[in-house]
Amino acid sequence: MRKASEKFWNLIPHMTPEKLYEILEKYARSRGWQLNKDKDFVFELLKGLIKNEERYGYRSCPCRLASGDKKTDADIICPCLYSVEDIKEYGRCYCGLYVTKEYNEGKIKSNVVPERRKK
Amino acid sequence: MHKRVRLYSLSTCPVCKKVKEFLKNNSVEYDLIEVDTLDSGEQWLAMKELKKINHLETFPTVVVETAVVGFDEESLRKILELNTSYDT
């Protein structure tokens, strides 16, 4: 007998990086952000998000190690809790998916964004 | 001096991928620890080791270990970034 959760997941159309790109681009626009103009990089991130969704059931940040517990990882579910501050300060979020217009125009130097998450 | 390079990485992280490409393009041999693909016990051990050198436990982290064999003062000063006797 199939588990109820399997049945549920089968009802959801398979997410692809292309579909997710469309969704997140709209989301970014609604927040006044943009997706990183480096599409190859963005698609790697999207594949990571999809992989995490398949593994854990939620889209946790592909650049952070998730615990598998949704409550514990709530702060790193994309867009992470730290993204607003990071985008404001560095022009990009921690993983570099969401950026400002200025960042995409090359007006902000690309730096490593320090981790705000407390261990 | 003997060197050993280790990369702590996540299979989902594109920046980790960039580091892998950099090391490959520069013909640097390295041990890859793809933390998210390890089982829970191995993952716990890997994170414990990573924390010793990077308390934020972020990815990618490249660790370059250098072994200095014997009392090689010049190498020790260089690797420990100590003043050399001829500095002053």
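Colleague: How many salt bridges does a search of the whole structure find?

Modeller: A search of the whole structure finds 20 salt bridges over all chains. Please bear in mind that this is a predicted model.

Colleague: What is the count of salt bridges between chain B and chain A?

Modeller: Between chain B and chain A the count is 2 salt bridges. In one pair, the side chains of A:E44 and B:K17 meet, at 2.9 Å from N to O. A:E44 belongs to helix α3 (residues 39–56) of chain A and B:K17 to helix α1 of chain B, so this pair joins two chains. A salt bridge also forms between the side chains of B:D36 and A:R55, again with a value of 2.9 Å from N to O.

Colleague: How many residue pairs are in polar contact across the interface of chain B and chain A?

Modeller: The rule finds 4 such residue pairs across that interface, counting those with both residues at pLDDT 80 or more. Two helices of chain B, α1 (14–25) and α2 (40–53), each supply at least two residues of the side that touches chain A. The largest share of that side, 4 residues, comes from α1(B).

Colleague: How is the size of an interface often given?

Modeller: It is often expressed as the accessible area lost when the parts come together. Here, chain B and chain A bury about 1,300 Å² between them, with 61% of it on carbon and sulfur atoms. Within chain B, the residues that lose the most area to chain A are B:T12, B:P14 and B:L56, together 38% of what that side buries. The contact takes 17 residues from chain B and 15 residues from chain A.

Colleague: Let us finish with the backbone. Which peptide bond of chain A is cis, and where is its proline found?

Modeller: The bond from A:C78 to A:P79 is cis, with omega near -5°. A:P79 sits in the loop between α3 and α4 (83–90) of chain A. In chain B, a cis peptide bond joins B:F59 and B:P60, with omega about -5°. B:P60 is found in the loop between α2 and β3 (61–67) of chain B.

Colleague: What is the phi of B:S27, and in which loop is that residue found?

Modeller: Phi of B:S27 is near 50°, a positive value in a residue other than glycine. B:S27 lies in the loop between α1 and β2 (31–34) of chain B.

Terms used: Residues are numbered from 1 along each chain as its sequence is written. Chains are lettered from A and ligands numbered from 1 in the order in which they are written. This is a predicted model: local features need pLDDT of at least 70, side-chain atom pairs count only at pLDDT 80 or more; totals for chains, interfaces and linings use all residues. Side-chain values use heavy atoms; hydrogens and water are left out. Contact means heavy atoms within 4.5 Å. Buried area is the accessible area (1.4 Å probe) that two parts lose on being put together, summed over both. A salt bridge is a side-chain nitrogen of Lys or Arg within 4 Å of a carboxyl oxygen of Asp or Glu. A polar contact is a pair of N or O atoms within 3.5 Å; within protein, one must be able to donate a hydrogen and the other to accept it, and residues adjacent in sequence count only if both atoms are side-chain atoms.
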